[in-house]
There are 4 protein chains.
Amino acid sequence: MRFFSDNAAPVCPQVMTALADANVLDTAYDGDAWSAKLDGALSDLFCTDVAALWVATGTAANSLALAALCPPYGAIVCHRDAHIQNDECGAPEFFTHGAKLLLAEGDGAKLSAEAITALLDATRDDVHQTQPHAISITNATEYGLVYTVAEVTAIGEVARARGLKLHMDGARFANAVAHLDCHPADLTWRAGIDALSFGFVKNGGMSAELLVFFDPELGKATRYRRKRAGHLLSKGRYLAVQILAMLEGDLWLANARAANAGATMLAEAAGDRLIHPVEANEVFLRVTADEAASLRALGFDFYDWGPGEARLVTAWNHTPDDIRPLADAIAAL
Amino acid sequence: MRFFSDNAAPVCPQVMTALADANVLDTAYDGDAWSAKLDGALSDLFCTDVAALWVATGTAANSLALAALCPPYGAIVCHRDAHIQNDECGAPEFFTHGAKLLLAEGDGAKLSAEAITALLDATRDDVHQTQPHAISITNATEYGLVYTVAEVTAIGEVARARGLKLHMDGARFANAVAHLDCHPADLTWRAGIDALSFGFVKNGGMSAELLVFFDPELGKATRYRRKRAGHLLSKGRYLAVQILAMLEGDLWLANARAANAGATMLAEAAGDRLIHPVEANEVFLRVTADEAASLRALGFDFYDWGPGEARLVTAWNHTPDDIRPLADAIAAL
Amino acid sequence: MRFFSDNAAPVCPQVMTALADANVLDTAYDGDAWSAKLDGALSDLFCTDVAALWVATGTAANSLALAALCPPYGAIVCHRDAHIQNDECGAPEFFTHGAKLLLAEGDGAKLSAEAITALLDATRDDVHQTQPHAISITNATEYGLVYTVAEVTAIGEVARARGLKLHMDGARFANAVAHLDCHPADLTWRAGIDALSFGFVKNGGMSAELLVFFDPELGKATRYRRKRAGHLLSKGRYLAVQILAMLEGDLWLANARAANAGATMLAEAAGDRLIHPVEANEVFLRVTADEAASLRALGFDFYDWGPGEARLVTAWNHTPDDIRPLADAIAAL
Amino acid sequence: MRFFSDNAAPVCPQVMTALADANVLDTAYDGDAWSAKLDGALSDLFCTDVAALWVATGTAANSLALAALCPPYGAIVCHRDAHIQNDECGAPEFFTHGAKLLLAEGDGAKLSAEAITALLDATRDDVHQTQPHAISITNATEYGLVYTVAEVTAIGEVARARGLKLHMDGARFANAVAHLDCHPADLTWRAGIDALSFGFVKNGGMSAELLVFFDPELGKATRYRRKRAGHLLSKGRYLAVQILAMLEGDLWLANARAANAGATMLAEAAGDRLIHPVEANEVFLRVTADEAASLRALGFDFYDWGPGEARLVTAWNHTPDDIRPLADAIAAL
């Protein structure tokens, strides 16, 4: 059983069925019936008028968002361990035409309003330093922590007070909402979020991610930028249907709850070995090289995450029966 | 019946089946078993060692190719009516970081070695003018014409003599090969092509296009550029399987032959109305506004292509029975 | 005597004196007393509040202007023979991050409101084509023609009606104003110009050009872009003093009148040989290779401008006595 | 007396004289007699064949160098306090098209081979992380420390071992060479430097900095990039003459020695107040707000450099008589 990545999981059956059902002639690009429903469906979900654009990757969603929020000569505050800083091969710099990422710190890849304020205060207000125009936070974070509504709201207040835009990398937004059991509006625009990268692929989708602008005007230029970045798929309807299928009956939340539950089982088994609290679907463990080897000998695969550390990721399709053997093996170490 | 675009056609059943078959856990990004087969499968097809990278759109394939072939301060020669010039919202400029497209002319969006040479000769060799580093041709062209092996070879010789790289936008490469009934190697690297955008989506795929470098070394940096452009899909295996399914048993050629045959039927019916010879799956007709309206009244949809002109595009799934009513209607105008 | 280029002329004595007078300690970058005077001096000259930024080259002025007026995913309409298209090695594409130049035509590198309108009408309003955001005209043009106030106003009306910004490349703005004997405000913002590249170097300066925004708000981001492009000189005061010296007593106009007068003398001598009307300080002649050789044998240097054509450029320091021998030699051909 | 910045100092008389002497007609851009001498003059100075390009700012020199050494999808290792990171408004990102700066640490803005190695070792070798292609060090550093020949050589060895290029930001290269009393070749290419930003403006020049490539081939594309960035001045000869004047009789070294001597006098007066050793022309002091105020009351101006810290910069034109009053005032605090 592999616990490398939620990207390794298969596509959930409802998405496969929806793709098959949609396999008829329709208009190219985003002129089809399914794509036309997205703005409405997401506006309903978030209880406000949004602009919702499908793209094929979270990297594209994040980078298009940042390009909409920060000019080329500006800067974006993010965590030192943010995916946009470490795992996208400079995509934010590519899409923003060279905006700079300013790196703040915090446990578990989580930023506080205070840490952001300190970084902003340290920037001289002159033409020699790149001036911050946006903040980007990841929820759930790269280490599986979840920003609460109050925490996002505090950061949103800093953003508004400084005239900055606020982006949420929600590759695991579903896991965060499932963990908090909150309304998605409360965790986003009501807390000050301007743009959300809403992830579906790690959560059971095939190739559709969503970029949501809570002020539709903000997203206007992004339709051009998406095309220009080669992200306006010729048969875009096959992306739209994935998202619609996952919104149907709150499948996105059900899938995320399943993944979170798996991680929680592992966390309970891990006890003191946990490096970070487990609030989403990632588990970071302290294990010796021997212990890691013994787990692998039992057929469990995962990433070594630095010396003496392992990362285990659960997915939408992990059942308790899938998880139990690993939980038992961890407890028995 | 809609003849707007081959992008409007559905996905062919073999691709749908392959997607379902591949819907199991595997490694993320391009670390999976299917993606690993691409270099080999395409090397076999082209009888030479190639680097083959899946991407989600033809625009991405074209632009990544151009970024590999031309530096930011250089220029790319293409036709005034090229897709890369008119229909990609500046994607080549985005991916190349501002290289300039130098526009040459020729009937039916087709360039000749002579036209290219004349343009090159008109460029001063100094630091004030952007210097050409690459040539890009589209085969089949935007107006459905096909470059023969001899024509590509002549352009390849100009490229080599001038130290330029040569790209082929093959969004309808399959239609060109089907029309010529030639070996794909003869139409590409043996004729001097360095990089090929090999289209699958218009030809029955869902979301997978391929970028082929005939010198694998040329493609090395492109693996970074692909990630950086947000085109390394998290579950890339669902792209790889589409391509493998279409290579299987030369489905790509069978599909293209079907589309070409439909266009040929229409061309025969159109006679003197044809604006361009029909060599692939696009038909450009002279029709009055009244004639266009009468065709539409019969249930046929297509693009107006300037005043008094219409564009009809056939697809892999058009049978003779699908085409005949339109052919008859055109003949009866 | 060399008639290659007004860039080859020396620096006028008033500028040299001003540089010497300013050679004292002052604040770095643009924090000095001279730089602080520019906004005011130019606002006085143009009878409206402007933002005026020195830069070291016309290419920088043009490109910074275009970056302020057009987003990366947009397009700029200019003449096929515009300096920004042919002579700046892609600088507009660099500074705008890949905006596209859309090329219109017109005699003598001069655009008409009609030609611009026709080009705009030919652009589809969708995300596949780069959408025009700005127009750039050169006054005096690359062939020495001058747009009248009425002509600029007509283009300004097209710009306003279409929601486009309007830039004037005024590398030889002084020559245009001198020729028209008009108020500089009438040729610029009153006619709809948003940003002017105001040239001083060809007109007797050493290394200072000026970028003028007629809406100061438009220029705000440009202060960051200038720094980021390496164009905020450490000792910027040595640029500011050049400009102030040339504004003093309308030296800029006196210098331009002198250069224009020289060109007029040559034009009168050239008669039917003129390829374009001579309205500024450039003269384009029909001469055979033998005639060109005979002029060179007499000690006159100039550019061959295509077969059978020569370009002669006069400068601020050419006196009638300098010009007469060449005028006589041309008349005697 | 102002000790804000060496950029605030006037231009040294030899440069002013050279500018006046050169004020005659010559070829535009870099086609003149003076510009033609640069490659040779610098090759002589460095005892190896170099390509030497004038530009107007150190920011342009640094950024053009980095663009030559690192592709858009790569990364450059530099110090957290490097000028290229903090004081150029993102110019490296602009010129490199978005390469990422990877920040290492070390006292006094100085990197060690060990710190660089640790940073390189922490970068995963995959397409998700931007891969380092270059290292940039500043000599003298932003805090006035000087890398010795041995220290640069150690970093050069890391660079070579890892296949990275090595850039030296030498805004105060003259001060470093003067301090070390070494041969400029030993501190540059013999130690592994590929490109040097050789500063003249802070050291008595007006507007000319120099970019030196120790492998002339490396600099070839830079001639295009310089034009494209608007840094090919129309009357470039006025930059070339500044540099030639400062090379004449080693004026560049004499000026740097004078500035260094002034800083040394201040350092001796400052004693325990020194935050960093004084090895060039910058002095960083611990002073209370009251002490700073009392110095200012005596007519000395300088930057507050964070709470309780002041930065004093001496220049080529500071004589011992200029410095003594400040030294006495510091000693008397």
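About 1400 Å² is buried between chain B and chain C, and carbon and sulfur atoms give 41% of that area. The model is predicted. Each of the two chains brings 18 residues to the contact. Chains A and B are related by a turn of 180 degrees, and chain D holds an open sheet of 3 strands.

- The size of an interface is often expressed as the accessible area lost when the parts come together.
- The contact is made up of 18 residues from chain B and 18 residues from chain C.
- Between chain B and chain C there are 4 salt bridges.
- One of the salt bridges links the side chains of Lys100(B) and Glu93(C), with 2.6 Å from N to O.
- Polar contacts between chain B and chain C amount to 12 residue pairs, counting pairs with both residues at pLDDT 80 or more.

**The side of chain B that touches chain C**

- Two elements of chain B give two or more residues to this side: helix H4 (83-86) and strand S3 (100-104).
- H4(B) gives the most, with 3 residues.
- By residue class, the side of chain B that touches chain C divides into 5 nonpolar, 7 polar and 6 charged residues.

**Relation of chain A to chain B**

- The C-alpha of Ala229(A) is the one in chain A nearest the axis, at 3.5 Å from it.
- Both copies use the same surface, since 100% of the contact residues of chain A recur in chain B.

**Sheet in chain D**

- Strands of a sheet pair through backbone hydrogen bonds, and the pairing is either parallel or antiparallel.
- In chain D, 3 strands form an open sheet in the order S8-S10-S9, with antiparallel pairing.
- Strand S8 (282-286) and strand S9 (303-304) of chain D are the edge strands, each pairing on one side only.
- S8(D) and strand S10 (residues 309-313) of chain D run antiparallel and are joined by 5 bridges.
- Across from Leu285(D) stands Ala310(D), a residue of S10(D).

Note on methods
Residues numbered from 1 in each chain as written. Chains lettered and ligands numbered in written order. Predicted model: local features only at pLDDT ≥ 70, side-chain atom pairs only at ≥ 80, totals over all residues. Heavy atoms only, no water. Contact = heavy atoms within 4.5 Å. Buried area = accessible area lost by both parts, 1.4 Å probe. Polar contact = N/O pair within 3.5 Å; in protein donor to acceptor, adjacent residues only side chain to side chain. Helix = DSSP H or I, 4+ residues; strand = E, 2+ residues; numbered from the N terminus. Nonpolar A, V, L, I, M, F, W, Y, C, P; charged D, E, K, R; others polar. Pairing = 2+ DSSP bridges. Least-squares fit on C-alpha atoms with pLDDT ≥ 70 in both.
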